[in-house]
Amino acid sequence: MAKHVEYEKVGDEYLEHRQLKRGAAGWVLLAGLGVSYVISGDFAGWNFGLAQGGWGGLLVATVLMATMYTCMVFGLAELASALPVAGAGYGFARRALGPLGGYATGIAILIEYAIAPAAISVFIGDYVKALGLLDATWPVYLACYVIFVGIHLWGVGEALRLMFVITGVAVVALVAFVAGMIPKFDSSKLFDIGDGSFLPMGVTGAWGAIVFAIWFFLAVEGVPLAAEEARDPKRDMPRGIIAAMVTLLVFAAAILLVAPGGAGSKVLEASGNPLPEAVRAAYGGDTFLAQLVNYVGLAGLVASFFSIIYAYSRQLFALSRAGYLPRWLSKTGKRKTPYLALIVPGTIGFALATIMKTVDPVTGGARLINIAVFGAALSYVLMMVSHIVLRKTAPDLPRPYRTPGGVVTTGVALVLAVAAVIATFFVDEIAAAVTAGIVVIAVAYYWFYSRHHLVANAPEEEFAAIAKAEAELD
């Protein structure tokens with residue numbers, strides 16, 4: 001099937017213990033899942049870009065990242081309809097770039113999804129602390145992981161429906177926030193950082209702000225991970241991920257304008273709970289709206305935390321099922337949930353959140369963001385290369401949905417994704433080095449062990465095997 005790798009044909013019993021629940025999500029639920037992945041980025045994280053590049057720099061970065069994600073989503077919609085497997089990005093790259101390329105893509109995605117909940121739990125702790133509910137933060141992190149991993153263990157259908165409800169509550173909070181801040185909008189407040197110019201930190205500041213602008217859209221690409229649990233993935237995947245992206249674009253534009261425009265960019269540049277703080281600054285103290293956004297804003301953070309747990313478990317499940325990572329991690333229980341793929345990364349995430357907040361109480365969450373973003377940007381590069389390669393090498397691959405603009409569209413996303421990778425090095429060399437170190441260790445594991453123990457009849461590997469057989473026949 002591929003050079004330098006060895007495959008094992010496993011029995012039916014192996015795959016019987018590694019099955020997900022089919023037909024759990026239609027396109028509306030998939031769109032809700034896409035919004036749920038990302039919505040925490042509207043409540044916290046993006047605002048650190050104000051310190052990096054000022055409002056103008058963050059605006060430029062957001063426009064660039066909005067372009068990248070929109071183009072990428074069109075490409076992923078095509079790939080997900082053509083290759084509907086739980087491995088998603090790993091599966092796409094496996095077909096296009098071979099075993100090592102697929103594995104590297106999967107690892108980059110896994111870094112993003114394993115680290116992002118840790119960062120979000122830090123923000124949840126900051127919101128809880130701002131409400132005066134609990135001063136200590138690590139019990140909040142622990143409660144988040146125990147409760148929401150537990151719900152995912154209960155069942156995917158129940159988890160996705162609850163996720164949809166929580167996301168709906170968060171959307172109400174965002175709408176209320178935007179409506180309440182519009183009367184307080186003053187364009188001069190946007191430019192109260194540095195010398196008051198549009199780009200107070202210059203072009204380099206705008207470039208550095210890319211890392212935080214990504215937070216408005218980070219993880220929407222996770223929708224295809226639900227392919228094996230969707231009702232009609234070839235039809236529902238494109239509709240779900242595109243609908244989610246349109247919604248996220250509207251929210252990003254509204255939040256970026258009214259939050260600093262109502263409170264001042266300076267107020268929000270280092271805040272762990274920027275939306276409630278924006279309301280308090282705009283209205284001169286605590287108000288009902290500030291309390292509403294603070295309390296209900298927790299729903300937005302919880303929604304993303306909850307949903308990205310789902311994403312990391314499915315990516316880990318797929319890599320493990322195919323033998324790239326230890327096979328025991330992909331076992332599913334009676335309710336068809338990959339319980340070890342939920343619990344193991346959750347334990348690591350809790351430890352990371354606690355350690356980072358203890359070591360660096362002010363910017364610990366921002367560093368976790370940077371690690372997640374580096375992994376994400378690296379995966380975007382590989383997935384867009386995969387789309388372009390498959391258009392060239394597999395022109396006859398059935399594509400129920402085709403990307404508008406074809407490889408030109410995904411080429412734009414590719415160039416911007418490369419810029420995002422470079423920006424991460426520019427902003428936080430430590431975070432970039434940590435992420436690169438994890439990738440190197442993972443690739444070493446592949447080279448010395450897992451490439452000799454791959455599973456021939458895992459779905460992602462079968463796609464590649466069929467493609468090779470057809471090519472040899474031709």
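Residues are numbered from 1 along each chain as its sequence is written. In this predicted model, local features need pLDDT of at least 70 and side-chain atom pairs count only at pLDDT 80 or more, while totals for chains, interfaces and linings use all residues, and side-chain values use heavy atoms, with hydrogens and water left out.

**Helices H5 and H14**

Select residues 89–130, which form helix H5, together with residues 364–393, which form helix H14; their axes come within 8 Å and cross at roughly 160°. Helices here are DSSP runs (H or I, at least four residues) numbered from the N terminus, and axes are lines fitted to C-alpha atoms over the stretch in contact, with angles from 0 to 180 degrees between N-to-C directions. H5 and H14 are therefore roughly antiparallel to each other, a term for angles over 145 degrees. By class, their contact has 26 nonpolar, 6 polar and 2 charged residues, where Ala, Val, Leu, Ile, Met, Phe, Trp, Tyr, Cys and Pro count as nonpolar, Asp, Glu, Lys and Arg as charged, and the others, Gly among them, as polar.

**Helices H6 and H12**

Next select helix H6 (residues 138–154) and helix H12 (residues 288–321), which pack at an angle of about 55° with their axes 10 Å apart. From H6, show Cys144, Tyr145, Phe148, Val149, Ile151 and His152, and from H12 show Val302, Phe305, Phe306, Ile309, Tyr310 and Tyr312, since these residues make the contact (heavy atoms within 4.5 Å). By class, this contact has 11 nonpolar, 1 polar and no charged residues.

**Helix H11 and leucine 275**

Move on to helix H11 (residues 274–283), where Pro274, Leu275, Pro276, Ala278, Val279 and Ala282 are buried, meaning under 20% relative accessible area with a 1.4 Å probe and protein chains only. Just after H11, glycine 284 takes a positive phi of about 75°.

Staying with leucine 275, display its contacts, which include Asp42, Phe43, Trp46, Tyr127 and Phe177, not counting residues up to four places away in sequence.

**Glycine 53**

Finish by selecting glycine 53, which lies in helix H4 (residues 48–82) and counts as buried at 0% relative accessibility. Leaving aside residues up to four places away in sequence, glycine 53 touches Leu58, Pro200, Met201, Gly205 and Ala206. For a distance to draw in the viewer, take the C-alpha atoms of glycine 53 and alanine 436, which are 383 residues apart along the chain and separated by 25 Å.

Definitions and conventions:
Helix = DSSP H or I, 4+ residues; strand = E, 2+ residues; numbered from the N terminus. Parallel < 35°, antiparallel > 145°, perpendicular 65-115°, else oblique. Buried < 20%, exposed > 50% of the residue type's maximum accessible area, 1.4 Å probe, protein only.
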